Amino acid sequence: MELQAVLMAAGGGSRMTDLTYNTPKPMLPVGNKPLMWYPLNLLERVGFEEVIVITTKEVQKMMSTDSKMKRDIKMKMEVVCVPEDGDMGTADALRHIQQKIKTDILVVSCDLITDVALHEVVDLFRAHNATLAMLMSKAHEFTETVPGQKGKKRTAEQRDFVGVDQSGKRLLFMANEADLEDGLSVRKSIIRKHPRMHIKTGLVDAHLYCLKKAVVDFLTENKSISSIRGELVPYLVRKQFSKTTNSQKVKEDLEDQTQKKNDCSTNHELLISSRDEPLLQLAQERSCWNDHRGDMSEAYHGGKLRCYVHIMEQGLCYRVNTLAAYIEANRQAPKLFEEPPVHPSAVISERCQVGSDSIIGERCQIAEKTSIKRSTIGISSNVKEKVKVTNSIVMHSVTIEEGCNIQGSVICSNAIIGRGADLKYCLVGNGQRIEPEGKTQQHEHTQS
Amino acid sequence: MASKGGKQSRPSSGFTGRKGAGEQEEEEQPLQAVLVADSFNRRFFPVTKDQPRALLPLGNAAMIDYTLEFLTSTGVQETFVFCCWMASKIKAHLLKSKWCRPSSPNTIHIITSELYRSLGDVLRDVDAKSLVRSDFVLVYGDVVSNIDISQALQQHRHRRKMDKNISVMTMIFKESSPGHRSRCEEDDVVVAMDSKSQQILHYQKTQGIKKLHFPMNIFHCGSDEFEVRHDLLDSHISICSPQVAELFTDNFDYQTRDDFVRGILVNEEILGNQIHMHVTKDGYGVRVSNLLMYDSVSSDFVRRWFYPLTPESNFTDQEGRSCTYSRHNVYRGSGVSLGHGSQMVENILIGCDTSIGANCCISNSVIGDNCTIGDNVTLDHAYIWNDVHIASNVAIRQSVVCDKAKVKEGVTLNKQCVLAYNVVIGPNISLPEGTVVSMHHPDEEEDEDADEFLSDDAEVGQSKDKTKQKIFNPAEVGAEGKGYIWKAGGLDDAEEEELSQCLWGLVLNPDPESDSEDSEPDDPDDLMIPSPEMDDVKVFQMEVMGTLQRGLEENIGCDNLVLEINSLKYAYNISLKEVMQILTSVVLEYPFQQQGPNLTPSQYVALLLPLLKKWAPVFKNYVKRAQDHLDCLAAFEEHFLEQESHWPAMVKVLMSMYELEILEEEMILRWFSQGATTDASRRLRKNQGLQKFIHWLEEAEESSEEDGE
């Protein structure tokens, strides 16, 4: 086994609390499949046979009852529960399962929906014997109106600056605009090694990482790091250009008393990564291959710690962590699987219009004279006569009475929409009941 | 002076077919160029005492010829040559050359003035005389290039057409990685650019800088992809819009192109001008800015890197300059004689009528015309100019020997030696590394130093007569030697810390950086923001202190003090709450400030109470709402927490503030009961005097309530 897959599915979905109020994020339906089905499917497609799923008790329970998960996922899933309340970061979670990790790992977040060719990332990891390889994608503009958000959405979001080398693969630095008030400074030695640096903004981190096993070991000794994205990755990226071994010794002596020593000594292990290191070293010395041009120094300028990034120029890549992304993902997700959009067990009357871009879940009942366009209707939902559903997401077991007009809205599970209600760009909470003839206009929330 | 001719475009057969499509768009405007045939520095001293830099031979042709050839081949039809130092010599050279023949596709106007001190002066003159009509090419007389700039020119024109003359300059860069031979260490630049538009956002010389800093505002231009490039070599060729000359006029402090670029980039938002860049991968374009560059450019020339400019092409079209080209890049002019057993290893260019003796070994060298070289001579990276006489058993390594110099028997020139014009060395002497010998005495220079801006090339004539016949030192230049040693390395100039005048340019010491790197911390604080120096609050506090002090000295009324503090508040953008706290702490600190920190509590109280009384109106002006009282008390508390020894004074101060009606009893009570959050402040509240005071207050309140009822 070359890589162990780890799925991080314990996140609370703090940026879309409206949706995750009753359903934990990993189980949110996207195209009538739980969100975590997508990364699992991604892993399965490339041939993983086992996966460690880190999640909460609640999700575990729901997983065991969810039919889709049981039927569709054939991988062996080893579920590890973490306490729900403790704010455990992703790195903490890795530390938690350190015993189970025997090889290098591939960490995926449960909210990733992508059609990336996963081997691109793993190949970078392999080819350069990298410590870290990650996936990024061009950020998508979400153009759809989002229920419950007034006006133009946050434009003032801080940008991430990502520096890559000429090939666009080697990750040279990462910083958030917020930390760069004084401007960006780069050491000249880095510039000398990588004289042509591309600095990109407008990328999203897909939260998919290949990490060396040594990094996990490093984490167990370095308890202060709690998040992969927030702390570990920036640390690794920075470490690429710090002085290696010999000077480290001196430093260690100097800083004996401080806790930094701990840091340094584990870093040693970080560098001595794989068991056949001497062989690789030899191969590198004998080879005429080089990762750069221009000067005569050895490949990678002798650096042992290397971070790489695969940037998707096109293709699907969403992180479903906001409402806008959730809506967009629902629209795009059907492209990822080849199932008939209308489930065979759904009962659809003959005299209704169901667009080919809509998904109808199991055991749905669609009555006459309805029109459903660009929407998702969840499992066991009941849509009565003369209902118009456009551009909306209807979750499971929702009842929509006659004559409703629903547009651009998200309706959570078990809601009941009263007769003749008119919903535009609304978000209807779990188990809510909309009064008959209710007219709810743009950007209103209904929530228990 | 310039003859204003050649305005009408010349017959198109006259120039190379390179320019193509760009021409028609230009409405038949001929492409113009400004060639600055002066370096405005003294890097090549003392060699340039006798010959201007533009006329120094490189590969047996004057440098300015390369520049003109480059301009002509890219399609320039009208060139203005600006000369200052030894203008007459340049003029004579040009008038003789093929450029001034009637058949030349490139009309040359020579403009001379003694008054040019910098590139800025030249361009201001261009503007004053309104010489340029449209985009022009700006180069120096020592630029060697074969870059085809027509593509860059088209892009430049396109950009200018698209958005209304915003782009004023396109700089031409050649791609070459750090550490490349032809990179001039002094010219090392880092450029930040917008990847899509090729706009330069930041331009910085890296020499001596360890950490490169890019201000944040350059990333706000709406693009999402930037590039930081250090693999560029500045070719010192730029395509300029006519505005460039105007901008130089407007900004009379711009001296060099670097000033200009910096100015434009910094003021981009104000003036709205932009600079773009064009990067060529396969062209060759460098400026010979020191002898190290001279060395590498010469060897590149011999190795045919500037094709189609090659030694045998005789592009200057002078008679009798043809030479033959044989393998290992050996070029021989006509009439060259080679002695028995002499070896021509590789990369050698030998001028006409030069004779070489027996058993010589020559490699990587350029030898001029009419030279005589004796037997058993070793030359490596030697640049021998014209009419040089070298006797037998001489060894020369990486050195320059100028015209009419004589090297006698048994002389060794170690690396980086320069023998200027007419110098005689030897016999049997070895010059140490970096020796510069000239017929001009170094002291001559002092006369000229009066004017430090003087270019390379001012007054030549007079200095000669002034020189008292000084005696040559045989220990330095040999028994029969003639010439004075110039101090190796920088001249006497302490004042010119900028690129010391060393002929050879910077010593290419192994990058010191790689060693020092580890001294830098690489911990998370790597990216930490340094703490801001002296924030506004601090400054405000100082100002308030000053104001109060002045108020006391000059007996200024409280109303005016309030006015002043208010205006300070706005000037430093201080919130009312902060004003409260700062005012309180300043007043409480005041006795310490004036009398030193060693006051006893009783002295302190004695000093403070009158002050409080005096400034009570100021306080009252600010302390109005309940929150103000609490803020004031918080500052009070903070002050006394720091001055534990003065706790006995605390009650008296508080008491007097109460009596002066600065603080209300209700608020004091509230503060006392609620404010304690830390151990220290709890301890403070246990202070006996304070407890007594509070007790008294409580009683007073109760009694007053009773009274009220």
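Axes are lines fitted to C-alpha atoms, for helices over the stretch in contact, with angles from 0 to 180 degrees between N-to-C directions. Helices (H or I, at least four residues) and strands (E, at least two) are DSSP runs, numbered from the N terminus.

This is a predicted model, in which local features need pLDDT of at least 70 and side-chain atom pairs count only at pLDDT 80 or more, while totals for chains, interfaces and linings use all residues. Residues are numbered from 1 along each chain as its sequence is written, chains are lettered from A and ligands numbered from 1 in the order in which they are written, and side-chain values use heavy atoms, with hydrogens and water left out.

# Two further helix pairs

Helix 15 of chain B (residues 558-571) packs with helix 17 of chain B (residues 601-622) at an angle of about 45°, with 9 Å between the axes. The pair is therefore oblique, and the crossing of helix 15 of chain B with helix 17 of chain B is right-handed.

Helix 2 of chain B (residues 63-73) and helix 3 of chain B (residues 87-96) cross at roughly 55°, and their axes come within 11 Å. Helix 2 of chain B and helix 3 of chain B are therefore oblique to each other. Their crossing is right-handed.

# Domains of chain B

Chain B has domain 1 (32-206 + 217-287), domain 2 (322-442) and domain 3 (536-707), with bounds from an automatic or database domain assignment. Between the C-alpha centres of domain 2 of chain B and domain 3 of chain B there are 87 Å.

# Cavities

The structure has 15 cavities of 30 Å³ or more. A cavity here is a set of points, on a 1 Å grid over the protein atoms alone, where a 1.4 Å probe fits but cannot get out; lining residues have an atom within 4 Å of a point. The second largest cavity holds about 160 Å³ of space (the volume filled by probe spheres set on the points, which are joined across faces, edges and corners).

The lining of the second largest cavity consists of 20 residues, and Gly59(B), Asn60(B), Pro311(B), Asn314(B) and Arg321(B) lie nearest its centre. By class, the lining has 9 nonpolar, 9 polar and 2 charged residues (Ala, Val, Leu, Ile, Met, Phe, Trp, Tyr, Cys and Pro are nonpolar; Asp, Glu, Lys and Arg charged; the others, Gly among them, polar). Domain 1 and domain 2 of chain B each supply at least three residues to the lining of the second largest cavity.

# Backbone geometry

The peptide bond between Tyr307(B) and Pro308(B) is cis, with omega of about 10°. Pro308(B) sits in the loop between helix 9 (291-302) and strand 16 (323-326) of chain B. A cis peptide bond also runs from Gly426(B) to Pro427(B), where omega is near 0°. The loop holding Pro427(B) lies between strand 31 (424-425) and strand 32 (430-431) of chain B.

His207(A), a residue other than glycine, has a positive phi near 60°. This residue, His207(A), belongs to strand 13 of chain A (residues 203-211). Asn555(B), also not a glycine, has a positive phi near 60°. Asn555(B) is placed in the loop between helix 14 (536-554) and helix 15 of chain B.

Notes
On a 1 Å grid over the protein atoms alone, a cavity is a set of points where a 1.4 Å probe fits but cannot get out, and a pocket is an open set with protein on both sides within 12 Å along at least five of seven lines; lining residues have an atom within 4 Å of a point. Angles under 35 degrees count as roughly parallel, over 145 as roughly antiparallel, 65 to 115 as roughly perpendicular and the rest as oblique. A crossing is left-handed if the near helix is turned anticlockwise from the far one by less than a right angle, and right-handed if clockwise.
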